[in-house]
Amino acid sequence: MKRMSAVFWILAVLLSDVMCAVVAYNYCDMLWGIKYAGYSAPASTAFLLAIPFAAAIAVCAALALFFGKRSV
């Protein structure tokens, strides 16, 4: 069970890194689109993409804690 706990902690960290990359890319894309392509939505809408990532990170952290406590 310790191994499962470690796997879910690593997965949570990887998801957080991917979340940062995706949100940053989409934020920059929105800024470019507002300036040159005529997008009407504000650039802050890119942060809405963080919601599913945050939910997945929370699930991974909860599973890591569950498996960590179960192994003791």
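Trainee: How does the radius of gyration of the protein compare with that of a compact globule of 72 residues?

Mentor: The radius of gyration is taken over C-alpha atoms. In this predicted model, the protein has 17 Å, while a compact globule of 72 residues would have a value near 11 Å. The box gives another view: along the principal axes, the C-alpha atoms fill roughly 55 × 15 × 10 Å.

Trainee: How many helices and strands does the protein have?

Mentor: There are 2 helices and 0 strands. Helix α1 covers residues 2–37, and α2 covers 50–71, with a loop between them.

Trainee: What share of the contacts with a separation of 6 or more comes from residues 24 or more positions apart?

Mentor: Contact means heavy atoms within 4.5 Å. Residues 24 or more positions apart account for 63% of those contacts in the protein. Ser5 gives a case: Ser5 lies in helix α1 and touches Ala64, Phe67 and Gly68, leaving aside residues up to four places away in sequence.

Trainee: Is Ser5 buried or exposed?

Mentor: Buried means under 20% relative accessible area. Ser5 has 9%, so Ser5 is buried. For the protein as a whole, 24% of the 72 residues count as buried.

Trainee: How far apart in space are Leu31 and Gly68?

Mentor: Their C-alpha atoms are 42 Å apart, and 37 residues separate them in sequence. Leu31 lies in helix α1 and is partly exposed, at 40% relative accessible area. Compare Thr45 and Tyr27, which are 18 residues apart along the chain and have C-alpha atoms separated by 8.0 Å.

Trainee: Where is Thr45 found?

Mentor: Thr45 is in the loop between α1 and α2. With a relative accessible area of 31%, Thr45 is partly exposed.

Trainee: How many aromatic pairs does the structure hold?

Mentor: Rings pair if their centres lie within 6.5 Å. The structure holds 4 such pairs. One of them joins Trp32 and Tyr36, with 5.8 Å centre to centre and 45° between the planes, and this pair is tilted.

Trainee: Why is that pair called tilted?

Mentor: Planes under 30 degrees apart count as stacked and those over 60 as edge-to-face, so the rest are tilted. The 45° of Trp32 and Tyr36 is a tilted case.

Trainee: How are Trp32 and Tyr36 placed in helix α1?

Mentor: They are 4 residues apart in the helix, so about one helical turn separates Trp32 from Tyr36. Trp32 is partly exposed, at 47% relative accessible area, whereas Tyr36 is exposed, at 57%.

Trainee: Which residues form one aromatic cluster?

Mentor: Phe8, Phe66 and Phe67 form one. Phe67 has come up already, as one of the residues that Ser5 touches.

Trainee: Which residues make the nonpolar surface patch of about 450 Å²?

Mentor: A residue joins a patch if it has over 30% relative accessible area and no salt bridge. Here the patch is made by Trp32, Ile34, Tyr36 and Tyr39. Ile34 lies in helix α1 and, at 35% relative accessibility, counts as partly exposed.

Trainee: What part of the accessible surface of the protein belongs to carbon and sulfur atoms?

Mentor: The accessible surface comes to about 5100 Å², and 74% of that belongs to carbon and sulfur atoms.

Note on methods
Residues numbered from 1 in each chain as written. Predicted model: local features only at pLDDT ≥ 70, side-chain atom pairs only at ≥ 80, totals over all residues. Heavy atoms only, no water. Phe/Tyr/Trp six-rings, centres within 6.5 Å; stacked < 30°, edge-to-face > 60°. Buried < 20%, exposed > 50% of the residue type's maximum accessible area, 1.4 Å probe, protein only. Patch = residues over 30% accessible without salt bridge, like charges linked within 9 Å, V, L, I, M, F, W, Y side chains within 5 Å. Areas by Shrake-Rupley, 256 points an atom, 1.4 Å probe, with all protein chains shown as cover. Salt bridge = Lys/Arg side-chain N within 4 Å of Asp/Glu carboxyl O. Rg over C-alpha atoms; globule rule 2.2 N^0.38 Å.
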